[in-house]
Amino acid sequence: MSAPLKTASPGDSAPIGPAVSRGPVEPRDERGEGVVLNVFSHGFLVLWALMIVLPLLWLILSSFRTDAQIGGSAFGWPQNWSLDVFSRAWDKGIGAYFLNTVIVLVFSVPLTMLFGSMAAYVLARYQFWGNRLLYFFFVAGAMFPVFLALVPLFFMVKRLDMLNSYQGLILVYVAYSLPFTVFFMHAFFRTLPTAVFEAAILDGASHTRTFFQVMLPMAKPGLISVGIFNTLGQWNQYILPTVLMQPQSGDDPERYVLTQGLVQLQQQQGYASDLPVLFAGVTIAMIPMLVVYLSFQRQVQAGLTSATLK
Amino acid sequence: MRKGQYRFVAGFLIVPVALYLIFVIWPYLQTFGYSLTDWKGQSQTFSFVGLDNYTALFQDDIFLQAIWHNILFLVFIPVITILLALFFAFMLNAGGRSRAGGVSGVAGSGFYKIVYFFPQVLSLAILAVLFGAVYRSDSGGMLNGLLMKLGLVDESGPVEWLNEPSVVLWALIAVVVWHGVGFYLVLFSAAMQAIPRDIYEAALIDGAGRAHTFFRITLPLLWDSVQTAWVYLGIAAMDMFILVSTMTAGEYGGGPDHHSEVMATVMMRNFLLYGKSGYACAMGVVMLLLTLIVSVVMLRATRRERIEF
């Protein structure tokens, strides 16, 4: 701890340097306390890190064990070192669920970003009647629990004949991501300098062209943060697909997204007793998240935490 | 403003506003209306029943029990998560003290932040499967296996984490805390790094110990972030749908015998399983009101003088 400084008693006018050499004896027990505290708190940090890593590692390793091994003991060392279980999990539906999620997100994330920034830009940069009202109207949506809307939303999507369809889920994802996207991008567009905008208009660019070729590229850092936030949020969404993506009739194919599929697989494997497949499925679902997280670690943390800084 | 500009503004707004109206605002408003009807959802015919759904709701023992569980979550999840996150954030940012007397984080704090935050990018569905396996009620479960190895639990009587009425809520709270600590740690870290170092150094020169530094300097200056965290965790505690519905027993969860029921699971069961749409809408309205009350109360209760620095 701060032993060297503390040896200088208050009112001691001697420079700090000599003070250190003068009193090497006195603060000993405080230093001892510091060491104990350090070991204690460092121990806690290590413990929590282990509590995060070990269950995940254990799950991944468990996909290489046999079903009998998993049921018998929690810590048998895996013996079945083949990637066969992953292809089995892929065929059991994880592949299809994965693909469904990707199909939805390929459209929903860019559309969210496009419509969200368009609305945010106009609201942030143009004066017109009802501007403030519209802004609050968008932001207010973020405050309500999604459960409030679920029942009528289901029937709305049904009336549009879009239950269990990609386009239905895409549109709903876009709509429910708008409040946060508009809120965040609105704040971002406000910080951009006006001079560049005026220069573009003076050079004869249309408003639309100014937006797409000048303002949007300038907003790239904000777009990346919100983009990551929306991608993770939509990838992990569970309640909306649970309500909207159920097969509507016998010949309606299953179009589950990954989160739904995993839960489905868990329920099936509980009876079929093929747990390695379930664990392999979870591993497959985890890997893209792990890769994205480790490669964009800083942006992911910034993107997710900025969501709370309202 | 020129005419072209109006056309531009309208053109940019029309699609987002239309989507938002159709899929978000209109359903929100409709919920209030439907909650006053006996709508079953199958047909378009329903009749106005006034506040009958609401009176039924407050005689529905399962729903009342669910509200109680949400309140328990509301108390314990924010407290435990915030305390742990604050402790870790303080250790990582100001806990280490180099011999020169400066203030810095403990060694490897970057590494810890990466590890701690990772659960946040996993979906709750993954968490449900993972902890379903961890909490297995035989020697194949990670927790039971570990406790048996340590000799704390008898081989013949493993703990039924998710089937024991007195344990199941704590098992669920543990999952949420496990998931959230890293996120709030990063949030608090960012706020701590914004605190000027000279304040810490001044405290150090004045002889403040670690505990003193934390309670007299760090915490008051972090209060804004703590408040935000409190509201967010409170809102999460009002939800809990995914974990309860997938980890606990019963159709849409809530088992054993409704001992882990939350409002969201009761609502979804009434809507998707029993088809009681009007009744489910009334539950949605109650959830909204409770969430709003919670946010307001929490903002009020945690309000402090704002400290500028």
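Two residues are in contact if their C-beta atoms, placed from the backbone, lie within 7 Å. By that rule, the contact between the two chains takes 77 residues from chain B and 71 residues from chain A. The structure is a predicted model, in which local features need pLDDT of at least 70, side-chain atom pairs count only at pLDDT 80 or more, and totals for chains, interfaces and linings use all residues. Residues are numbered from 1 along each chain as its sequence is written, while chains are lettered from A and ligands numbered from 1 in the order in which they are written.

On the side of chain B that touches chain A, helix α1 (residues 3-34) of chain B gives the most, with 18 residues. Helices here are DSSP runs of H or I with at least four residues, strands are runs of E with at least two, and both are numbered from the N terminus. This side of chain B divides into 55 nonpolar, 19 polar and 3 charged residues. Ala, Val, Leu, Ile, Met, Phe, Trp, Tyr, Cys and Pro count as nonpolar, Asp, Glu, Lys and Arg as charged, and the others, Gly among them, as polar.

One pair of helices spans the two chains. Helix α7 (residues 147-159) of chain A packs with helix α12 (residues 277-301) of chain B at an angle of about 155°, with their axes 7 Å apart. α7(A) is therefore roughly antiparallel to α12(B). Axes are lines fitted to C-alpha atoms, for helices over the stretch in contact, and angles run from 0 to 180 degrees between N-to-C directions; under 35 degrees counts as roughly parallel, over 145 as roughly antiparallel, 65 to 115 as roughly perpendicular and the rest as oblique. Residues of α7(A) in this contact include Phe147(A) and Leu148(A), and those of α12(B) include Ser277(B) and Gly284(B). The contact of α7(A) with α12(B) has 9 nonpolar, 2 polar and no charged residues.

Chain A has 15 helices and 0 strands. Of its 310 residues, 40% are buried. A residue is buried if 20 or more other C-beta atoms lie within 10 Å of its own, exposed if 12 or fewer, and partly exposed in between.

In chain B, Pro256(B) lies in the loop between α10 (241-247) and α11 (263-273). Pro256(B) counts as partly exposed because it has 15 C-beta neighbours inside 10 Å. Pro256(B) and Pro165(B) are 91 residues apart in sequence, yet 6.4 Å apart in space, C-alpha to C-alpha.
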